[in-house]
Amino acid sequence: MIWKLETNNTAYVIGVNQAGYLLNLHWGARLPDYPSPSESEGYASFNGAGQILPEEYPTYGMGLNYTEPCLKATFSDGVRGVALQFDSAQQTDNTLTLTLKDTHYPLTVKLHYQIYAEQDIIARHVTLINTGDTPITLERAWTARWHFPPGDSYYLHHLTGRWNDEWVHHRERLTNGVKILESRRITTSHHHNPYFAVERGDATETHGEVWFGALAWSGNWKIAAEVTEFQSTRVSIGLNDWDFAWVLEPGETFTSPIAYAGYTQQGLGAASRCLHDLIRKHILPHSDLTRKVLYNSWETTLFDVDEESQKRYAEIAAEIGCELFVMDDGWFHGRNNDTSGLGDWWADSVKFPNGLTPLIEHVNQLGMDFGLWLEPEMVNPNSELYRAHPDWVIHFATRQRTPARNQLILNMARPDVQAYLIEKIDRLLTEHNIRFIKWDMNRNVSEPGWQDAPRDQRELWVRYVHGVYHVWETLKNNHPQVIWQSCSGGGGRADLGILRLADQIWISDNTEPTRRLAMQANFSRIFPPNTMEAWVTDMGEQTIPLAFRFHVSMCGVLGVGANISRWTDAQKAEAAHWINEYKRVRHIIQQGDVFQLYQQDGYYATQYLSQDQRNGVLFAFRTYRPEPTTPLVIRLQGLSPDHTYTINGVSHSGAYWMTIGMTIQLHNFGSIMWDIHQV
Ligand code: GLA
């Protein structure tokens, strides 16, 4: 039996062999014919068939297999291990469900596949069903295993970081053994991202075979990239099994997060554009909405906000052309610094004696939308909420509760916590004309206890994320006019799961423009520009011209976070000019294709092109290069070769611009923004 999942340019083929193993037969280009499932008895007594065959969803406890399994469970009689047998298949034009059943125990496993033909991407998830009458404890329940053609060796691309320093790209050779990337922090994390790209070592931005994927999950996750001694390379992806357990009661179903993965022959840039297209067309809630230019005074005022001063910032923000005014941290009950207030989500009566409405009305009269910062999952011990419900935080009763940034984490798995947050935030959104929420999350978990957990406490890791999703989704459904930003001390919660709820991501607290250039390019390996908030702040103002700072932030969703009350008339006029320019081209930036043309030795260049290839925008930057030096030479991408394009007053064919390219002379901290027009 063989099942083919074909996208516009790729094929993913699965089959069952004589011995009953479900195998991946091919993942790559569409071909006239595909391999049949191979048989293997194993290799000597030390390596069983499972060690050698490319199993689609291997389990622990079946035969002589010592590679990473996707599923591990314990049955009520203490038997550890799942032995699955193919049962049935259901295929439609763009879905496939394979049902497998344990040979002895009442466990059904369904592997679900969905085809995104245009994006050359396949989505997978699993459901695990207890059809018996005693509980089954899941100890690992990954989403998917992805195999690469056997016999070759591969390079793994992945992203790492830390707070204030996210989105660092790594490329490394996979050698025998297992390379683990993961989060144990209860969020996606700044440190690793649940994304991979794999190639044979010959892929560039524009050429070569690339297999890539990402997990849509905003909590603990794991990627295991394994090379076996039989030269087989595979990547598995799913919920982190570290400190994980899930009790599947009789009749219950467990659903894994979704993993998306795709294949291209056009290099790493094309892989990114497949993901961008998928995210924009199938994941983002308000993908078509033009993202507004935002102002936020956080980096200037910190917690020092009140009605009068925020009104003054709003007036200047409106004057330079901002369309959305967001009040950050500091506005709610008792919040004068980071030691108090979190949890008490009503306006501080000293800073806002008449509530938030006078400020919001002023902002609206200036022609802007109003937005607000919230950190729903957190509580300061110094708050009304904590005094009333000290047991609502994640903690072990006998251990100290370790604060971080003076705050503790509410146990979002608890229905009472969810209900409290829904009630408080719902009221804010109902009583005020709020069009934007920045949802922040400023620490990671410690002492991961759930004292009165209905089942195994270790379910916390997953149920917490379900709780976040539930609260967010409820608020979103009740208030569809609100645009949401996902922030976790910068880029700590950026993933395809949160993008079903959030429209935009705050990618880093680091807004220094030269550091941003690499961060933004690497963020864009996964996420499209209409999700990437980028602000012009005061960072770098001593050395870096305002034009450069604007150009960097214009590469995503432009915002301003600088101290605009200090700006001279000339600076305000220049800012207004760039904001206007952004509004003129933002449909191309937010909705077009992105090409990372250059990222080396202090030079950066990024090109945006409308989907119809007619209009584009080119940005190029020189950070610092000591003299004497060579100019930047770039070749454009994605143009129609036979059409003529005008760039900076010069006209050539698309073929010319893509083959000969152009030379750009830039001084240190110089930048350009040029239109690309098809004649
Ligand atoms: C985090 C965010 C910042 C800001 C502060 C407020 O650090 O990343 O942008 O909102 O919290 O406390």
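Start by colouring the chain by domain: the assignment, which is automatic or from a database, gives domain 1 (2-283), domain 2 (294-376 + 414-450 + 470-502 + 528-591) and domain 3 (596-678). The model is predicted, so local features need pLDDT of at least 70 and side-chain atom pairs pLDDT 80 or more, while totals for chains, interfaces and linings use all residues. Residues are numbered from 1 along each chain as its sequence is written, and side-chain values use heavy atoms, without hydrogens and water.

Next, select domain 1 and domain 2. Their C-alpha centres are 37 Å apart. In contact (heavy atoms within 4.5 Å) are 25 residues from domain 1 and 22 residues from domain 2. Between them the two domains bury about 1900 Å² (accessible area, 1.4 Å probe, lost on being put together and summed over both), with 58% of it on carbon and sulfur atoms.

On the side of domain 1 that touches domain 2, select strand E14 (210-216), strand E19 (258-264) and helix H2 (267-283), the elements that give two or more residues; helices are DSSP runs of H or I with at least four residues, strands runs of E with at least two, numbered from the N terminus. H2 gives the largest share, five residues.

Finally, go to the ligand. Select tryptophan 373, where a polar side-chain atom is 3.0 Å from a ligand oxygen atom. For aspartate 509, a side-chain N or O atom lies 2.4 Å from an oxygen atom of the ligand.

Definitions and conventions
A polar contact is a pair of N or O atoms within 3.5 Å; within protein, one must be able to donate a hydrogen and the other to accept it, and residues adjacent in sequence count only if both atoms are side-chain atoms.
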